[in-house]
Structure formats: structure tokens, C-alpha cells
Amino acid sequence: MPPPCPRTSYRRSTKCRRRIVKTPVSVIGTGRMGSALARAFIKNGHPTTVWNRTPHKAEPLAALGATVAESVDRAISASGIVVVNVSDYDASAALLHRAAGTLRGKLIVELTSGTPQGARGAAEWAKAQGADYLDGAILATPNLIGSAQGVILVSGPLAAFTAHKDTLLSLGNVRHVGEDPGTASTLDSAALSQMWGGLFGTLHAIALCEAEKVDLAALAQQWTETAPVIEGLISDLIARTKAKRFAGDEQTLSSISAHHGALQHLIEITQMRNLDRGLVDAYDTVFRRAVAAGHLEDDFAAMTRFMEKSA
Ligand SMILES: NC(=O)c1ccc[n+]([C@@H]2O[C@H](COP(=O)([O-])OP(=O)(O)OC[C@H]3O[C@@H](n4cnc5c(N)ncnc54)[C@H](OP(=O)(O)O)[C@@H]3O)[C@@H](O)[C@H]2O)c1
């Protein structure tokens, strides 16, 4: 039995002169991210058609081998897979609705950022046009697209993902996270919440250090040392919440009481140094709900029960 032919777009072996045609792909929107997506498809040998509202932004992709379509309709008609990456869902919907007649039988991969509700609405609309729809969230910057760090979550029908997985993997570490089209953007928003929790906490920490004339090099070193501790607390919080283990027990790392007591020091120094209290007051509001409901000695994970305004 001959060895398998190499996975290039043209098989070089004399026994394998047959040309391999990779799945054609169209990319609507060639801003910073859309261009990176198109480059990854081109690099992997996919015939790639691109369209952008401002045509000159697509020209560098033409130099790499992409076909620049004159209209969204033509871009969609060129391929079975249509990746959309524009600023927001409103812009995407306006483009796709105008080209609705071309969508039957296509797979739309919406990689524009948005909300779970927006994703579900777009999925319903696509279904009514006779198109498959996957909604994605890109958890990476353009320079990481096409690499293992190019994490992209997609949700929607698993069958549509499985059928086109090889093509989508050109974009990087693309994972299917659920049948509900809103799952990817829910996880995207969750990642943003975790990221900004850390970044805004660090803004507050920098302000405290500067007000107290503490060298930021010390803060940097302390962060390196405490990051694994915080990571452990976050992993424990998620695991305990999933298991609904809210009561304080022998595995509890810290109770609500311990956290709430420490927060009072942070509030005091924030007040004394005339720093913005918005962040620490927001933490205190959630603590007070849990304390008022009698959960002072529970595991910190019990705080997850008090994130709703009405709790
Ligand atoms: N950049 C990142 O690191 C990153 C990471 C994760 C997710 N994302 C998401 O990727 C999407 C694109 O981000 P980006 O960084 O590539 O932004 P960008 O460089 O500003 O590109 C925006 C793109 O949207 C197009 N666009 C905007 N409004 C439009 C409209 N009304 N009709 C048609 N096209 C329109 C722009 O076309 P023109 O060129 O004509 O203006 C351009 O192609 C966003 O949803 C963003 O949240 C980006």
C-alpha cells in the first residue's frame, strides 16, 4: 500500500499527481481580525474570497492569493463556508440580510463579538434562510490566529461543526462548546469579566501603591508570587459552585467572614487616600447581601448565590 500523499495543496509524489482542492472559504470583513482569519485560510491552502466595506483594506490579501469580491453576494456565492467578522452584530445582520437570497445551503460562521441573545436570534434567522449557523467567540488577538494559542469557541449544531472541523482548524485551536448558539458568546463575556476583574483590581492596587509611595517593582514581584494562589482560589470557587458545596467545611480555603473582614481594610485605605470607592463598594454590596442572609461562616463560594440584584 503506498504511503499517504503529503497534505499540501498539490501532491508532489509521482504516484500522487492529483490536485487536492481544499474547501473554499469566504471572509466578510477584513479589519484587523478578519484579515488574520483570511490569512490563516490562505496559508492552509483554502481558496479564499474576501469582501470588505472599504475595499483597499482587502488588497494585501489579494497579494497573498485571495480573491476580492465586489459585493457581499458574490463573496457568499463563492464558497460553502462564509466567515463573518465585522465590528458588531448589527453591522453583520445588515450585510447578511441584504444578501439573504444567496445563503441557502451555506454554513455561516459568525465570528463577530456579541451577546448570547444576539447569537440565538441570528441562528434562528439563518435557519429560516436555509443556512447552517455557528456562532463563535475569538479569545485571541490577530497575531495568534492560526496557532495553538488562537483559541476560538464555537457553538451551534455539532453536526455542522464536525462536517467542517478540518477547515475551521486552519484558524487555530477551534473548539465546539455547545449546541446552543449562545454558549460561545456567554463564555466570551465570562472571560471578559474575569479579565477586567483582574485588570481593574490591578488599577486599584497601583493607585494604592502610588498613594502610599510603594515601589511598583514590589507590586510586580508580589503579583508573580501570588498569581498561583489567586488561580487556586478561582479554580476552587468554580469547582465548589459546580458541586454546590457552599457550607464551610474542612476543605474550605477561606470563609466569607475572612474575606469580608479583609475587605474592610481595603475600604479604609481607599477612603483615607481619597481613591475612587466604586470597585470596593461594589464588592461590599455583594458581601452585605450574603452576611444579611446569615452566610458569614460559609465558604466564599456561597457568594455566587448573591450575585443577582434581587437575591
Ligand atoms: N482585534 C482583536 O484582538 C479581536 C479579538 C477578539 C475578537 N475580536 C472581534 O472581531 C471583530 C472585528 O474586530 P477588529 O479588531 O478586526 O476590528 P477592526 O479592525 O476595526 O475591523 C472592523 C471591521 O468591521 C467592518 N465594519 C464595521 N462596520 C461595518 C458596517 N456597518 N458594514 C460593513 N462592515 C463594517 C470594518 O469595515 P471597514 O474596513 O470598511 O471599516 C472592518 O472590516 C469585533 O467583533 C471584535 O470584537 C477582535
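Modeller: The network of salt bridges links four residues: Arg 240, Arg 245, Asp 249 and Asp 299. The model is a predicted one, and the description below should be read accordingly.

Asp 299 and Arg 240 form a salt bridge in which the closest N and O atoms are 3.2 Å apart. Arg 240 belongs to helix 8, whereas Asp 299 lies in the segment that follows helix 10 (278–292), so the pair ties together parts separated by 59 residues in sequence. Both partners are buried: Asp 299 has a relative accessibility of 3%, and the value for Arg 240 is 1%. Each residue counts as buried because its relative accessible area is under 20%.

Ile 234 is one of the residues of a nonpolar surface patch, together with Trp 223, Val 229, Ile 230, Leu 233, Ile 238 and Leu 253. The accessible area of the patch is about 660 Å² in total.

A search of the whole structure finds eight salt bridges. Among them is the pair Arg 288 and Asp 284, whose closest N and O atoms are 2.8 Å apart. Both of these residues lie in helix 10, four residues apart, which is about one turn of the helix. Asp 284 is buried, at 7% relative accessibility. Another salt bridge joins Arg 277 to Asp 281, again with 2.8 Å between the closest N and O atoms. Here both partners are partly exposed, Arg 277 at 29% relative accessible area and Asp 281 at 28%.

As to confidence, the mean pLDDT of the protein is 94, and 93% of its residues reach 70 or more. Residues 1–14, however, have a pLDDT below 50; beyond near neighbours in sequence, this stretch has 14 contacts in the model. Where pLDDT is low, predicted coordinates should not be read in detail.

Notes: Residues are numbered from 1 along each chain as its sequence is written. This is a predicted model: local features need pLDDT of at least 70, side-chain atom pairs count only at pLDDT 80 or more; totals for chains, interfaces and linings use all residues. Side-chain values use heavy atoms; hydrogens and water are left out. Patches are made of residues with over 30% relative accessible area and no salt bridge: like charges are joined within 9 Å, nonpolar side chains (Val, Leu, Ile, Met, Phe, Trp, Tyr) within 5 Å. Accessible areas come from the Shrake-Rupley method with a 1.4 Å probe; for residues, only the protein chains shown count as cover. A salt bridge is a side-chain nitrogen of Lys or Arg within 4 Å of a carboxyl oxygen of Asp or Glu. Helices (H or I, at least four residues) and strands (E, at least two) are DSSP runs, numbered from the N terminus. Buried means under 20% relative accessible area, exposed over 50%, partly exposed in between (1.4 Å probe, protein chains only). pLDDT is the predictor's confidence in each residue, from 0 to 100. Contact means heavy atoms within 4.5 Å.
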